[in-house]
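Student: Hi! Could you walk me through this structure?
Tutor: Happy to. Here it is.

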Amino acid sequence: MANGEGRDQALTRFVVPALFGASLLVVWEGITRGLGVPGVILPAPSAIWETFQANTETLWKDFVQTFVKGALRGYVIGAMAAFLVALLVDRSDFLRRGLLPVGNFMAALPIVGIAPILVMWFGFDWQSKAAVVVVMVFFPILVNTVEGLRATDRMQRDLMTTYAANYWQSLLKLRLPAAMPFVFNGLKISTTLALIGAIVAEFFGSPIQGMGFRISTEVGRLALDMVWAEILVAAIAGSAFYGFVALVESIVTFWHPSQRRRR
C-alpha cells in the first residue's frame, strides 16, 4: 500500500501512519507487560490511558494554561510582529543587512537561558510564557517571510512595472501571493516551537497549573504515568495545531505545485 499507486491518496496517507503507530503501541504494551518494566521507568500505554481518563479535568486546565493562554497568544503576537517587521525589512536594505544577521543570532540562543530572564521580567503567569513564545517564533517567521517576498523573478517584477504598478500594488498582487509558501513554512515550523517554548518556560516559574508545571512536579513524585499523560496532551495539541495551519495553507496556496501533488 505504501508503495502502490494509491500512495498519494488521502486515505493512504492516514492509514499507513495509523497502522504503524498502533503497531508501536502494541509492541510497547507487550514489552512493558511481558518484561515487568516498573511504572516509574516506563509505564504501559494502557496505564497512561487510564491516568489520562482519570485526570481529564486537571489535564484540561493545564492545556488551557499552557497552550491557549501561553503558546497560542504568543504565537499570534509573534507572527503578526514578524510579518510587519518583514514588510519594513523588505523596504529597507539597511534593515535587511542589519536585522537578519541579528535574527540568526537570536534564533540560536538557548531557550533555557532566555526563559528564566523573561519569567523574571513578566511574572509567573501566562504573560512570561507568551513572551518566550514570541521570541522563539518571531525570527523563523521573519526570515521565511523576507525570503518569500524576494522569491519573484525579474521578469515578473518588470511586468508589474510595465503595468505601472506601485509598490503596494506589486506587493499585494504579485510578491505577497508568491511569498505565501515561505510564510506558511515559517508558521508551521513555529507551531511546534510555540508549544515547546511555553512548556519549558513553565519549568522556571508558573502558577499551580500548566503542562510544564505538572511535568516537573510529577517527575519529582515519580508519577511517570501522569507525565506521559501530559506528553500525550501536548502531542495531540501540537499535531492538531500543525494540522490546522497546514489546512489553512492548502486553502490559501491551492495554486502552488506542492499542493497539487498532495491531491
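**Surface and fold**

Tutor: The protein chain exposes about 15,000 Å², and carbon and sulfur atoms supply 69% of that area. Keep in mind that this is a predicted model.

Student: What share of the residues is buried?
Tutor: Of the 263 residues in the protein chain, 40% are buried.

Student: And how many helices and strands does the protein chain have?
Tutor: There are eleven helices and zero strands. Reading along the sequence, you get α-α-α-α-α-α-α-α-α-α-α.

Student: Okay, contacts next. What percentage join residues at least 24 apart?
Tutor: Counting contacts in the protein chain between residues at least 6 apart in sequence, 70% join residues at least 24 apart.

Student: Tell me about helix 3. How many residues does it have, and how far does it reach?
Tutor: Helix 3 covers residues 56-91, which is 36 residues. From its first C-alpha to its last it reaches 50 Å, close to the 52 Å expected at 1.5 Å a residue.

Student: Where does helix 3 bend?
Tutor: At Val64, by about 30°.

Student: Switching topic: which residues form a nonpolar patch on the surface?
Tutor: Ile117, Met120, Trp121, Phe122 and Phe124 form one, with about 640 Å² of accessible area together.

Student: Which helix holds Met120?
Tutor: Met120 sits in helix 5, residues 111-122.

Student: Is Met120 buried or exposed, then?
Tutor: Met120 has a relative accessible area of 65%, so it counts as exposed; the cut-off for exposed is over 50%.

Technical notes. Residues numbered from 1 in each chain as written. Predicted model: local features only at pLDDT ≥ 70, side-chain atom pairs only at ≥ 80, totals over all residues. Heavy atoms only, no water. Helix = DSSP H or I, 4+ residues; strand = E, 2+ residues; numbered from the N terminus. Expected span 1.5 Å × (residues − 1). Bend = angle between axes of the 7 residues up to and from the residue. Patch = residues over 30% accessible without salt bridge, like charges linked within 9 Å, V, L, I, M, F, W, Y side chains within 5 Å. Areas by Shrake-Rupley, 256 points an atom, 1.4 Å probe, with all protein chains shown as cover. Salt bridge = Lys/Arg side-chain N within 4 Å of Asp/Glu carboxyl O. Buried < 20%, exposed > 50% of the residue type's maximum accessible area, 1.4 Å probe, protein only. Contact = heavy atoms within 4.5 Å.
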